[in-house]
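Trainee: I have just opened this model and would like to explore it with you. Where shall we begin?

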Amino acid sequence: MTSAEAGSWTAVAAVDELRAAGRLERLVGRKPVLLIWQDEAPLACAALCPHAFAPLCEGEVRDGRIHCARHQASFDLATGDVDSGWRLPPLAIYPARVNAGQVEICI
């Protein structure tokens, strides 16, 4: 059973706040998390690139990927996989959902 199935969810932002901002950074425990509102749903991933720990909030989101502004590697927002040509660990992706007007993630 995954932690998401077990129900260990944490509220991290109001849906309206994330919708208005498009992206938000939050610290969940000791983990910096980037929240993204895309296609009327929340996405959550590590806030820092696994390459040089650049802030991904400065990157561009397009075609289901986030592109690091520092070195242009991109990561699939569904799987965390890096694009070809890079030997980097995958980006941590966290389950995200909307519940009672709040964005919740499971780490």
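Mentor: With a polar contact: a pair of N or O atoms within 3.5 Å, where within protein one must be able to donate a hydrogen and the other to accept it, and residues adjacent in sequence count only if both atoms are side-chain atoms. The model is predicted, so local features need pLDDT of at least 70 and side-chain atom pairs pLDDT 80 or more, while totals for chains, interfaces and linings use all residues. Residues are numbered from 1 along each chain as its sequence is written, and side-chain values use heavy atoms, leaving out hydrogens and water.

Trainee: Which side chain does the side chain of histidine 71 join in a polar contact?

Mentor: Histidine 71 sits in the loop between strands E6 (65-67) and E7 (74-76); strands (E, at least two residues) are DSSP runs numbered from the N terminus. A polar atom of its side chain lies 3.1 Å from the backbone nitrogen of alanine 73. The side-chain partner, in a polar contact of 3.1 Å, is histidine 51.

Trainee: What is the C-alpha separation of glycine 101 and alanine 14?

Mentor: Glycine 101 belongs to the loop between strand E9 (96-99) and strand E10 (102-105), and with a relative accessible area of 38% it is partly exposed. Beyond its neighbours within four places in sequence, glycine 101 is in contact with Val15 and Ala14. Glycine 101 and alanine 14 are 87 residues apart along the chain, yet their C-alpha atoms are separated by 6.0 Å.

Trainee: How many disulfides does a search of the whole structure find?

Mentor: A disulfide is a pair of cysteine sulfur atoms within 2.5 Å. The search of the whole structure ends with a count of zero.

Trainee: Which cysteine sulfur is nearest to that of cysteine 49, then?

Mentor: Let's take cysteine 45 along the way: its nearest cysteine sulfur, that of cysteine 57, is 10 Å away, and cysteine 45 is buried at 1% relative accessible area. Cysteine 49 is buried too, at 0% relative accessibility. For cysteine 49, the nearest cysteine sulfur is 4.0 Å away and belongs to cysteine 68.

Trainee: Which residue in E8 stands opposite cysteine 45?

Mentor: Strand E3 (residues 31-38) pairs with strand E4 (residues 41-46) over six antiparallel bridges, and there leucine 34 stands opposite cysteine 45. E3 and E4 form a hairpin with two residues between them, and aspartate 39 in the turn has a positive phi of about 55°. E4 is also joined to strand E8 (residues 93-94) by two antiparallel bridges. There, the residue opposite cysteine 45 is isoleucine 93.

Trainee: How many salt bridges does the structure hold?

Mentor: A salt bridge is a side-chain nitrogen of Lys or Arg within 4 Å of a carboxyl oxygen of Asp or Glu. Among them, arginine 26 meets glutamate 17 with the closest N and O atoms 2.9 Å apart, and glutamate 60 meets arginine 62, also at 2.9 Å. The structure's total is six.

Trainee: Which residue in strand E6 pairs with aspartate 76 of strand E7?

Mentor: The two side chains meet in a salt bridge of 3.9 Å, N to O. The pair ties together parts that are eleven residues apart in sequence, because aspartate 76 lies in strand E7 and its partner in strand E6 is arginine 65.

Methods: Helix = DSSP H or I, 4+ residues; strand = E, 2+ residues; numbered from the N terminus. Buried < 20%, exposed > 50% of the residue type's maximum accessible area, 1.4 Å probe, protein only. Contact = heavy atoms within 4.5 Å. Pairing = 2+ DSSP bridges.
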